[in-house]
Amino acid sequence: MLFGILAATSALLLAAVLAAGLRLPALRLGIVDRRWRRPMPLSGGVAVVAATCLVAAVGDWKGVTPLGPEVERLLFAGAAVALLGLVADVRRVKARFLVGGTAVAALCVVPYEETGVPAGILAAGWIVFVALGFKALDHADGLAGTVGVVTAFGAGACAAAEVMDSVAVLLSVLAAALTGFLMHNWHPARVGFGACGALFTGFVLASAAVTTRAGQELGSGAGVLFALNAVVAADVVLVVLARGLSGRPLLRAAPDHLAHRLRRLGLTPQGASVVLGVAAFGGVLVGALVHLGWIAATAALWVAGVALVVVLVLLRVKPNVKPNVKANLVPRGVSPQVTTQLRVRNG
């Protein structure tokens, strides 16, 4: 218990310090997200990955909380996915390489002896879906981090209920690291998450949840996994439907996501992140209660129904695509003053 508190505190402080300390090097090396009005240094993802892996490794090395082969494999695979995401942050990487690399890592962490091969392959697909969903969720200040913290606590509670202490500690360390990152990512953000942090967070959360539910009833397990990541799933479905119905390319960036549409309804950036964080908490709470057996597994269907209604309602909110497209007309590497003049000229 004492080490868990110490580990979480260390991860929080380490992530906060690294996110701030790596900000300037990220700017100088060009590791930035250019979707925003100014180049956003992507030091937050590296900070979260480094803090989580380092604190977990120290606990395992000291023998205080041995990770065990299964969790060690999970953490190693997560680090590999984070490295793949870092490459994508530094230079353009085709989507199929991100999907393929994440899929290979997911196939390596599924406990097939407990799930069986067919269900294990489905579980690996879900891990890939959640990892890429977190990458897509990184479209607003503080959103991916907030949803990640809430999900980590819920999945950690499920793991603790199964007396899977190593998984629970890993998730608490991840939640603490995300909290440290949020100190710099809350609106107006000073550092970004990037594919490195988003893929790592989604991969570890989904893999830990799959490991926790392995060997239990398949139907309720699927419901728990969905409820824990209902906001991520809703965001992906909303984007796919919006772009498919409008005939736009699926992978072309546009403000089609949950937070974009909530802001069109009048919410502030902070308000959109809070609302979606509360929604994530609702889904996580249902998932945890179903896992504990305190409520029926059919409660997950209510989460799915609410998520579908929200998607259909927000689908009617027209996104403001034009400004985002014109923002891409600003050349890279120009000064803030020239950037402002170009944006005014572009309308």
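The following legends accompany close-up views of a predicted model.

View 1. The largest nonpolar core holds 94 residues, of which Ile127, Val147, Phe200 and Phe203 touch the most other members. Helix H9 is the greatest contributor to this core, giving 13 residues.

**View 2. The surroundings of Phe200.** Phe200, one of the core residues that touch the most other members, is shown with its contacts beyond four places in sequence. These partners are Val49, Thr52, Cys53, Leu75, Gly78, Ala79, Val81, Ala82, Leu174 and Ala195.

**View 3. Ser166 in helix H9.** Ser166 belongs to helix H9, which spans residues 165-185. The relative accessibility of Ser166 is 16%, and the residue is therefore classed as buried, since the limit for that class is under 20%. When neighbours within four places in sequence are set aside, the contacts of Ser166 are Pro66, Leu67 and Val71.

View 4. Val163 lies in the loop between helix H8 (143-161) and H9. Its phi is near 55°, a positive value in a residue that is not glycine. Most residues other than glycine have a negative phi. With a relative accessibility of 63%, Val163 counts as exposed, because that class begins over 50%.

**View 5. The cis peptide bond at Pro188.** His187 and Pro188 are joined by a cis peptide bond, with omega of about -5°. Most peptide bonds are trans. Pro188 is located in the loop between H9 and helix H10, the latter comprising residues 194-213.

**View 6. A nonpolar patch on the surface.** Val237, Leu241, Leu245, Leu308 and Leu312 make up a nonpolar patch on the surface. Together these residues have about 450 Å² of accessible area. Helix H12 (230-246) and helix H15 (299-315) are the elements that each supply two or more residues to the patch. The largest share comes from H12, with 3 residues.

**View 7. Val237 within the patch.** Val237, one of the residues that form the nonpolar patch, is placed in helix H12. Its relative accessibility is 37%, so Val237 is classed as partly exposed; this class lies between the limits of under 20% for buried and over 50% for exposed residues.

Technical notes: Residues are numbered from 1 along each chain as its sequence is written. This is a predicted model: local features need pLDDT of at least 70, side-chain atom pairs count only at pLDDT 80 or more; totals for chains, interfaces and linings use all residues. Side-chain values use heavy atoms; hydrogens and water are left out. Helices (H or I, at least four residues) and strands (E, at least two) are DSSP runs, numbered from the N terminus. Buried means under 20% relative accessible area, exposed over 50%, partly exposed in between (1.4 Å probe, protein chains only). Contact means heavy atoms within 4.5 Å. A nonpolar core is a set of buried Ala, Val, Leu, Ile, Met, Phe, Trp, Tyr and Cys residues joined through side-chain atoms within 4.5 Å. Patches are made of residues with over 30% relative accessible area and no salt bridge: like charges are joined within 9 Å, nonpolar side chains (Val, Leu, Ile, Met, Phe, Trp, Tyr) within 5 Å. Accessible areas come from the Shrake-Rupley method with a 1.4 Å probe; for residues, only the protein chains shown count as cover. A salt bridge is a side-chain nitrogen of Lys or Arg within 4 Å of a carboxyl oxygen of Asp or Glu.
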